Amino acid sequence: MLTRSLLAIATLSLFVAATPRIASAEEKSPPNVVFFLVDDLGYMDIGANNPDTFYETPHIDRLSQSGMRFTDGYAANPVCSPTRYSILAGKYPSRVDATNFFTGTRPGKFHPAPLNNRMPLEEITLAESLKSNGYATFFAGKWHLGPSEEYWPEHQGFDVNQGGHNAGGPYSGKRYFSPFENPRLEDNTTGEHLPDRLAKEASKFIEQHQDEPFLTYLSFYSVHTPLMAPPELVKKYKAKAERLGLTDQEAFGEEEKLWGKPEWKGRPVRQLQSHATYAAMVEAMDQAVGRVLQQIDDLGLTEETIVILTSDNGGLSTSEGWPTSNLPLRGGKGWVYEGGIREAFMIRAPGITKPGTTSDEPVCSIDFYPTILDLCGQTAPPQQQLDGVSLKPLLRGDESLDRQSLYWHYPHYSNQGSFPGGAIREGDWKLIERYEDGRVHLYNLKDDIGERNDVADQHPERVNAMRDQLHRWYKEVDAKFLQPKDGQQPWHPLED
């Protein structure tokens with residue numbers, strides 16, 4: 001039997017133990033985060049950016065209307081792996097020489113710059129930051145950030161990894177249909193469609209962790225090649241193209257030819273959205289996005305969940321099936337023109353973003369990490385270097401960020417036929433610098449979003465100032481450049 005004093009002590013102990021739980025219940029829980037990353041999705045592929053698109057993206061369009069759409073949102077690189085690195089680390093991939101897809105080393109007139117083909121394990125990733133603050137973390141889909149298992153998602157802060165490994169596409173098994181033969185995705189029903197499966201896994205994780213803060217990072221393999229889709233959707237878009245009178249005989253124009261077939265006068269570039277299989281891939285991906293969004297709604301988590309959607313580079317328009325058109329944007333995946341780097345880019349932050357708003361402030365994939373941490377009430381570790389900035393001021397409705405420039409560095413010969421080059425954007429102005437010979441081009445994107453009117457000769461002072469700033473940035477990130485080939489020395493921007 002307890003004495004009076006022991007009973008008092010026991011009662012006090014119970015009160016003290018209970019107090020933190022009462023306080024925590026009164027505090028607002030940190031928001032959940034759902035991040036959709038679509039592979040190779042073009043800026044003009046979604047209805048929110050292009051009301052005349054051939055493709056149908058109702059779920060993405062509704063997501064856009066429920067948050068803020070950024071009209072001038074960019075990937076940090078015109079191909080996949082570097083941009084994926086920038087999202088997870090919040091910095092320019094040039095800082096670690098992750099400047100091409102892993103492991104792209106195509107030579108051209110010169111050899112490409114040295115390439116680091118893995119995200120260093122020393123990086124403190126977005127997943128690691130959130131996990132250290134009590135978040136359950138989930139990854140599904142394409143990873144492509146390291147050649148071997150020790151660099152895969154489960155070693156970079158993700159509790160669960162469904163489908164992420166070294167491959168840049170669904171190249172094993174029956175590819176977009178099961179059996180997938182993916183080392184990180186168990187095969188279930190034969191014939192299962194990959195984007196739907198990834199959405200199922202994401203939805204299941206959300207349900208399992210609905211009572212705690214979570215990061216769900218759904219990184220689609222879609223709409224990357226191989227071009228494959230459910231037959232009924234392909235049939236739908238073939239009929240649609242026929243109904244609209246769209247034929248491939250009118251679909252192609254010419255871009256600059258850096259390399260390619262001898263019979264090509266210029267590089268073929270798709271100028272008409274009419275590819276039925278690609279359209280079906282876009283719709284299937286959109287349906288998968290809708291499935292996850294519906295799960296959030298069904299569980300009553302909509303007002304507690306930040307949702308972000310973007311792509312890793314521009315739409316594929318100049319090679320590998322030529323499936324989409326980015327017009328009026330020039331070029332596509334692999335090019336530092338707008339078609340290669342301007343992306344679908346939207347954020348829904350309940351209680352912060354006014355639904356249906358847009359921002360024309362230039363923003364970049366390096367900004368997602370600091371933005372998410374800021375929205376979740378967190379800060380990056382003091383030892384971590386970030387190039388991105390929080391977009392929370394824009395999401396609140398402030399007019400602009402305190403940032404002068406955005407930069408790109410692509411010292412490689414892309415599979416899509418483009419030239420090695422760098423770029424800088426300041427306000428409406430964009431300067432492109434070619435690494436083979438040092439030529440520069442200047443465009444006013446407000447007047448010339450298609451980058452067809454080079455005005456460098458008319459603005460020599462602006463060219464010099466922007467070029468100097470770009471070169472300072474090269475030094476800051478320790479950028480690497482083209483290497484000699486067959487006794488020929490390439491131009492070098494820091495030796496000019």
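1. A salt bridge here is a side-chain nitrogen of Lys or Arg within 4 Å of a carboxyl oxygen of Asp or Glu. The whole structure holds 32 of these salt bridges. This is a predicted model: local features need pLDDT of at least 70, side-chain atom pairs count only at pLDDT 80 or more, and totals for chains, interfaces and linings use all residues. Numbering runs from 1 along each chain as its sequence is written, and side-chain values use heavy atoms, with hydrogens and water left out.

2. Lys91 pairs with Glu123 in a salt bridge, closest N and O atoms 3.2 Å apart. Both residues lie in the loop between α3 (80-89) and α4 (126-131), so the pair ties together parts 32 residues apart in sequence. Helices are DSSP runs of H or I, at least four residues; strands are runs of E, at least two. Lys91 is buried at 9% relative accessible area. Glu123 is buried at 8%. Buried means under 20%, exposed over 50%, partly exposed in between (1.4 Å probe, protein chains only).

3. Lys236 and Glu283 form another salt bridge, at 2.9 Å between the closest N and O atoms. Lys236 sits in helix α6 and Glu283 in helix α7, so parts 47 residues apart in sequence are tied together. Lys236 is partly exposed at 31%, whereas Glu283 is buried at 10%.
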